[in-house]
Amino acid sequence: MTAPDIDHMRITTIEKHILDEQRHHPEATGILTSLLYDLALAGKVIASKTTRAGLAEILGRTEDTNIQGEVQQKLDQFADRTIFRMNDHTGRLAVMASEENEGLIAISEHYPTGKYVLVFDPLDGSSNIDFNIPIGTIFSIYHRLSESGPGTLEDCLQPGRNLVAAGYIIYGSSTMLVYSTGDGVHGFTLDPTVGEFLLSHPRIRIPQEPAYFSVNLGNRKYWSEGVKQYTDYLQGIVGQQKALSLRYVGSLVADFHRNLLAGGIFYYPADTKDPNKPSGKLRLLYEAGPLAFLAEQAGGYASDGKMPILDILPRALHQRTPLFIGNRDWVEKAEEFIAQYG
Ligand code: FDP
């Protein structure tokens, strides 16, 4: 056998990996497998656009403003439509919700509904598109709670503990898909020459020692005393430990991805900057929940400063939450500082 043949046998495509995982669950019907594969395909389509964004006229802002009051960019809408169109007719979903849409995204009555619920942020970090900085798609999959027919709001408003699967696709120096179905976190890198996601990071664990902390330090004056003290602690100003390096891209998926692989803490705390956003900027359902699921699966932890993100019961689709995520000990330290100083 020649060397290239041996290498070929070692390659695990995302399809093979998802099917292998399914084999551990004899009761599985294959529907989740297909849903994950559809999301990987959507990721490839979005990646092909994002890498050409600087060239195409698609770059730039539209007139529209999304439900969060942010200017939507054309690539956001493209990503949103791509995920919708790949999933609306398959009979796998009861309902969808996206950060770019105010209400539920219903499945057309022309198509059957299925047993899963898909919640997604089609293009997170989109204010970075114009600057060639990594952006990402984040997705969450739940079982529906309602029995049958069109999915309901309650189907989407589930705590992260109920997640069946979650993941993200990061469009950076390469495109990667990272996901978990509750049995570890696995990362795949897109090989553009063959158009396949190949297993590159099996069973990701957050390294024991954090290397970085990631936060928008420009907001310091709007933080509570506890968050200020915690930041001083990470910088080695308070306490005995060595200062951590600061890395902040300002694109959640990119900051989370780096800290997942290198060890670190990302936080976007509550602040007083905007009275309309007393809980900070990030969304519980579209951002904090799925990343919290991945963090716990990789041996880390995510908190809103008081309780685990995964235990928060969402009350609204676009609810925001403070987020502290990364190495467990250091996130728990944030909880301690907040409990002590507020
Ligand atoms: P963006 O506004 O570019 O979409 O939640 C959105 C988000 O980016 C996150 O990806 C990112 O971590 C955060 O906002 C950055 O916010 P700041 O600019 O306030 O630091």
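User: What makes helix α6 largely enclosed by the rest of the structure?

Analyst: In this predicted model, 8 of the 10 residues of α6 (residues 225-234) are buried, so the helix is largely enclosed. The buried residues are Gly 226, Val 227, Gln 229, Tyr 230, Thr 231, Asp 232, Tyr 233 and Leu 234. Their cover includes β11 (212-214), β13 (264-268), β15 (323-326) and α9 (328-341). Just after α6, Gly 236 has a positive phi of about 75°.

User: Why is Arg 283 called buried?

Analyst: Buried means under 20% relative accessible area. Arg 283 has 3% relative accessibility, so Arg 283 counts as buried. Glu 287, with a relative accessible area of 2%, is buried by that cut-off too.

User: How do you know that Arg 283 forms a salt bridge with Glu 287?

Analyst: The cut-off is 4 Å between a side-chain nitrogen of Lys or Arg and a carboxyl oxygen of Asp or Glu. The closest N and O atoms of Arg 283 and Glu 287 are 3.5 Å apart, so the pair is within the limit.

User: What does the salt bridge between Asp 38 and Arg 92 tie together?

Analyst: The side chains of Asp 38 and Arg 92 meet at 2.9 Å, N to O. Asp 38 lies in helix α3 (residues 31-50) and Arg 92 in the loop between α4 (74-87) and β3 (93-98), so the pair ties together parts 54 residues apart in sequence. Both Asp 38 and Arg 92 are buried.

User: How many salt bridges are found in the whole structure?

Analyst: A search finds 13. Lys 16, Asp 20 and Arg 23 are linked in a network of salt bridges.

Technical notes: Residues numbered from 1 in each chain as written. Predicted model: local features only at pLDDT ≥ 70, side-chain atom pairs only at ≥ 80, totals over all residues. Heavy atoms only, no water. Buried < 20%, exposed > 50% of the residue type's maximum accessible area, 1.4 Å probe, protein only. Helix = DSSP H or I, 4+ residues; strand = E, 2+ residues; numbered from the N terminus. Contact = heavy atoms within 4.5 Å.
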